[in-house]
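I opened the notebook to log what I looked up in this model.

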Amino acid sequence: MDTTPLIGEPLALDLVNTRPLGTDLLATTEQLADWLARQSERHPELALDHPTAADLAAVHEVRDHTAAVLDALLHDQRPPAGALRALTAAQSAAPAVRRLHWDGAAIVATPHRDAPSAARLSAVMAEAAADLLTDSALPKLKRCEADDCVLLFFPAHPKRRWCSPDRCGNRVRVARYYRKHKE
């Protein structure tokens, strides 16, 4: 199994997808640092060179609450009120203030959070979860159809069935080929 986290979905989905079946791809601060570095290309506010154990715990907490809400919604159930409250509290712990500055040609507003890194990470992730959970595209969310995969994705094409055609899609096609030719 490839242990490189998939990225490219909305940030909150990328976070939930760091926990594939039976594995935690963010089990250590080193893994979190690598994931944050990959994400910071799209989300510069996530740049953090040396995450701490507190940062890791904060990210895990937001991931767990986001996953609980998504799981409930995928099963047409009411989301857990505690998870929704926890995501709201995480956002409130480090609200963003837009700092204005002159870049030489124009006024630029840069979000700034005046809080410890764990609260900042938690707030950014919780805001991403809020964006995802209120997105009108949420009903299109799918779970990968591979038997041994639990990852979530938004299909770019209505016939897409797997989180990644290169990972799960290829594994399913190869297994089908071998079953067909073994008989």
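I started with Arg161, which is partly exposed at a relative accessible area of 36%. This is a predicted model, and I read every value below as computed from it. I looked for the salt-bridge partner of Arg161 and found Glu145, with the closest N and O atoms 2.9 Å apart. Where do the two residues sit? Glu145 is in the loop between β3 (142-143) and β4 (152-153), and Arg161 is in the loop between β4 and α6 (165-182), so the pair ties together parts that are 16 residues apart in sequence. Glu145 has a relative accessible area of 42% and is partly exposed.

**Entry: the count**

How many salt bridges does a search of the whole structure find? I noted 8. I followed up two more of them.

**Entry: Arg42 and Asp14**

I looked up the side chains of Arg42 and Asp14, which meet in a salt bridge at 2.7 Å, N to O. This pair links distant parts of the chain, 28 residues apart. I placed Arg42 in the loop between α2 (29-39) and α3 (53-74), and Asp14 in helix α1 (residues 11-16). Is Asp14 buried or exposed? I found Asp14 buried, with a relative accessible area of 1%. Arg42 is partly exposed, at 39% relative accessibility.

**Entry: Glu127 and Arg113**

Next I checked Glu127 and Arg113. Their side chains form a salt bridge, 2.6 Å from N to O. Glu127 belongs to helix α5 (residues 117-133), while Arg113 is in the loop between β2 (107-112) and α5, so the bridge ties together parts 14 residues apart in sequence. I read off the accessibility of each partner. Arg113 is buried at 13% relative accessible area. Glu127 is partly exposed at 26%.

**Entry: a nonpolar patch**

I then turned to the surface. Which residues form a nonpolar patch there? I listed Leu100, Trp102 and Ile107, with about 410 Å² of accessible area together. I looked up one of them, Leu100, in more detail. Leu100 lies in strand β1 (residues 97-102). The relative accessible area of Leu100 is 63%. Exposed means over 50%, so I logged Leu100 as exposed.

Methods: Residues are numbered from 1 along each chain as its sequence is written. This is a predicted model: local features need pLDDT of at least 70, side-chain atom pairs count only at pLDDT 80 or more; totals for chains, interfaces and linings use all residues. Side-chain values use heavy atoms; hydrogens and water are left out. Patches are made of residues with over 30% relative accessible area and no salt bridge: like charges are joined within 9 Å, nonpolar side chains (Val, Leu, Ile, Met, Phe, Trp, Tyr) within 5 Å. Accessible areas come from the Shrake-Rupley method with a 1.4 Å probe; for residues, only the protein chains shown count as cover. A salt bridge is a side-chain nitrogen of Lys or Arg within 4 Å of a carboxyl oxygen of Asp or Glu. Helices (H or I, at least four residues) and strands (E, at least two) are DSSP runs, numbered from the N terminus. Buried means under 20% relative accessible area, exposed over 50%, partly exposed in between (1.4 Å probe, protein chains only).
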